[in-house]
Amino acid sequence: MATSKGSSIPSSGNSHDHQDDDASFRVNELPRARFWDAMDICQWEGSWFEPGLVKPAVTFRTTFQAHHDDVLLASPPKTGTTWLKALCLCIMQNPIPIATSDSGVNAEAAADDDDDILAKDNPHFHIQTIESMIYATKPHPDLYSTPSPRLFHTHLPYKVLPDSTKNSPGCKIVYITRNPKDTLISLWHFFNSIFRPNGLEPYPLDRAVDCFCSGVHQYGPFFDHVLEYWLESQKRPTKILFLKYEELKREPKAEVKKLASFLGRPFASEEEVEKVVWRCSLERLRNFEVNKNGSILYGVPNSSYFRRGAVGDWKNYLTPELEEQISRTARSKFEGSGLCLEDA
Ligand code: PAP
């Protein structure tokens, strides 16, 4: 599973001599690897993808025209995507009506579920992951009739984003990431539930760690993905907001305020902030019927997006050796960048 190809440094990308502009570009000619003995993935532009997502990613990259008020959410898988989508939906809906009773936020819940789209639909339904949910289903989607501001999400690395998303001054990017050890454990649970359901032995954790550290996994290498967005966010902080899952957990109100201000939707009161934080909490979202029993993507149950949501869950799984293997990889990748994801 772990091959040296996965640790290759991605080529920097903003040039216009993209191989994908060439009509003869063929996915089946890309380097291939096996992910978890379960599926093929292929390497494009230095990162690894499910083969079926490469063409949609290429079409997105070469045809998408950003609007001045677009918001693009971005994340590596399992780092807080669902949470970020929920938060942005809520913030864009703000002001949420605040009940006037003095019975406290939880007592207001039943009443205000009625006006909350999160109570009816999974967050992924309203903010779609552009390569897998939009371009993979329709090569020429009609994105231009979508009301402004448009909100999209992508798991794609920064280097393959369309130039227009990078260059359009008003188009904002919000990136979320997470401690690599918790990301790995979350991925491990998720893919075990997909590839090894019904009590089958989970995939050996040491092999999952090898795979993660070598970068040969969907949208990997994780560390390069994070580093690219981090460096860009340092250069252009008004363009890219860089969030960490752990900081959202630790200081939800402060982080959500920061997010809302970045999106140009600052809160008018503390009550509004509290309401958004509460509406998007894991405990609340996971109990909605749509998230207990629904499915919006390739038969993946919505419930699989809501697990423990704990910071430091990796301590329940990783041996000191496996932990050190991930820390070593993080140190070598992030050295000198000012980024640390292990301080949570
Ligand atoms: P995705 O990239 O496939 O969409 P993503 O939402 O990023 O997945 O990750 C799922 C993780 O976020 C799960 O973490 P865990 O496996 O460590 O438990 C899930 O529990 C967590 N999560 C989902 N929704 C929330 C939320 N509202 N608040 C906090 N954590 C959440």
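Helices (H or I, at least four residues) and strands (E, at least two) are taken here as DSSP runs, numbered from the N terminus. The structure is a predicted model, in which local features need pLDDT of at least 70 and side-chain atom pairs count only at pLDDT 80 or more, while totals for chains, interfaces and linings use all residues. Residues are numbered from 1 along each chain as its sequence is written, and side-chain values use heavy atoms, with hydrogens and water left out.

A cavity is a set of points on a 1 Å grid over the protein atoms alone where a 1.4 Å probe fits but cannot get out, and its lining residues have an atom within 4 Å of a point. Grid points are joined across faces, edges and corners, and a volume is the space filled by probe spheres set on the points. Two cavities of 30 Å³ or more were found by this rule. The largest cavity holds about 80 Å³, and α7 gives the most to its lining, with four residues. Helices α7 and α8 each supply at least two lining residues. Among the residues around this cavity are F35, W36, W188 and F191. Its lining comprises nine nonpolar, two polar and no charged residues, where Ala, Val, Leu, Ile, Met, Phe, Trp, Tyr, Cys and Pro count as nonpolar, Asp, Glu, Lys and Arg as charged, and the others, Gly among them, as polar. The second largest cavity, of about 50 Å³, is lined by residues including P76, P77, Y219 and F222.

Aromatic rings come next. The structure holds 24 aromatic pairs, counted for rings of Phe, Tyr and Trp (its six-membered ring) with centres within 6.5 Å; planes under 30 degrees apart are stacked, over 60 edge-to-face and the rest tilted. One of these pairs, W36 with Y203, is stacked, at 4.5 Å centre to centre and 10° between the planes. W36 lies in the loop between β1 (32–35) and β2 (39–44) and Y203 in the loop between α7 (180–195) and α8 (205–214), so the pair ties together parts 167 residues apart in sequence. W36 is buried at 4% relative accessible area, and Y203 is buried at 1% (buried means under 20%, with a 1.4 Å probe and protein chains only). F190 and Y305 form a tilted pair, with centres 6.3 Å apart and planes at 35°. F35, W36, F190, F191, F195, Y203 and Y305 form one aromatic cluster.

Technical notes. Buried means under 20% relative accessible area, exposed over 50%, partly exposed in between (1.4 Å probe, protein chains only). On a 1 Å grid over the protein atoms alone, a cavity is a set of points where a 1.4 Å probe fits but cannot get out, and a pocket is an open set with protein on both sides within 12 Å along at least five of seven lines; lining residues have an atom within 4 Å of a point.
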